Amino acid sequence: MASNCKLYRKMSIGTSFMDVPDELVTNGSTTPLHAIKVLIQFDKSMNKALETRIKSKVSFKGHLHTYRFYDNMWTFLLENAMFKKDNKNLQVDLVKVNACD
């Protein structure tokens, strides 16, 4: 399930958001337990938003350079990948795709 895969925490929205509870704990405005509860709610909200608000579909293909499965996470490295969305194409030399099992 997507809730076990928190890739969005590594994106700018996730890193920016995670700085806030850390700062509040550091300056004594909140407790570590409260900060953890906030992060858990963030995870739930992000998963719900990704499930309900994303309507776009993208297809891609390319030459599979490397793949692996570790800790319920698939990682693919594709060379000469072609992404297609709504009659628009994008060619990429090398792309890394992470996918949750």
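N89 is exposed, with a relative accessible area of 53%, where buried means under 20% relative accessible area, exposed over 50% and partly exposed in between, computed with a 1.4 Å probe on protein chains only. The model is a predicted one, in which local features need pLDDT of at least 70 and side-chain atom pairs count only at pLDDT 80 or more, while totals for chains, interfaces and linings use all residues. Residues are numbered from 1 along each chain as its sequence is written, and side-chain values use heavy atoms, with hydrogens and water left out.

N89 lies in strand β3, strands (E, at least two residues) and helices (H or I, at least four) being DSSP runs numbered from the N terminus. When residues up to four places away in sequence are not counted, N89 touches M82, F83 and K84, contact being defined as heavy atoms within 4.5 Å. From C-alpha to C-alpha, N89 and V58 are 10.0 Å apart in space, although 31 residues separate them in sequence.

## The sheet

Three strands form an open sheet, in the order β1-β2-β3 and with antiparallel pairing, where two strands pair if DSSP finds at least two bridges between them. The edge strands, each of which pairs on one side only, are β1 (59-70) and β3 (88-100). From one strand to the next, the twist averages 10 degrees.

Strand β2 (residues 73-85) pairs with β1 in the antiparallel sense over 10 bridges; F76 in β2 is the bridge partner of Y67, and M82 in β2 stands opposite K61. These two strands, β1 and β2, form a hairpin with 2 residues between them, and D71 in the turn has a positive phi of about 55 degrees.

On the other pairing, β2 and β3 run antiparallel and are joined by 12 bridges, with T75 opposite N98 in β3. A hairpin with 2 residues between its strands is formed by β2 and β3 as well, and here D86 in the turn has a positive phi of about 50 degrees.

## The helix pair

Helix α1 (residues 12-26) packs against helix α2 (residues 32-53) at an angle of about 160 degrees, and their axes are 9 Å apart; axes are lines fitted to C-alpha atoms, for helices over the stretch in contact, and angles run from 0 to 180 degrees between N-to-C directions. That angle makes α1 roughly antiparallel to α2, since angles over 145 degrees count as roughly antiparallel, those under 35 as roughly parallel, 65 to 115 as roughly perpendicular and the rest as oblique.

The contact is made by I13, G14, F17, M18, P21 and V25 of α1 together with P32, A35, V38, L39 and F42 of α2. Of the residues in this contact, 10 are nonpolar, 1 is polar and none is charged, where Ala, Val, Leu, Ile, Met, Phe, Trp, Tyr, Cys and Pro count as nonpolar, Asp, Glu, Lys and Arg as charged, and the others, Gly among them, as polar.

## L24 in helix α1

L24 is found in helix α1 and is partly exposed, with a relative accessible area of 34%. Leaving aside neighbours within four places in sequence, L24 is in contact with S29 and T30. L24 and H34 lie 10 residues apart in sequence and 9.9 Å apart in space, C-alpha to C-alpha.
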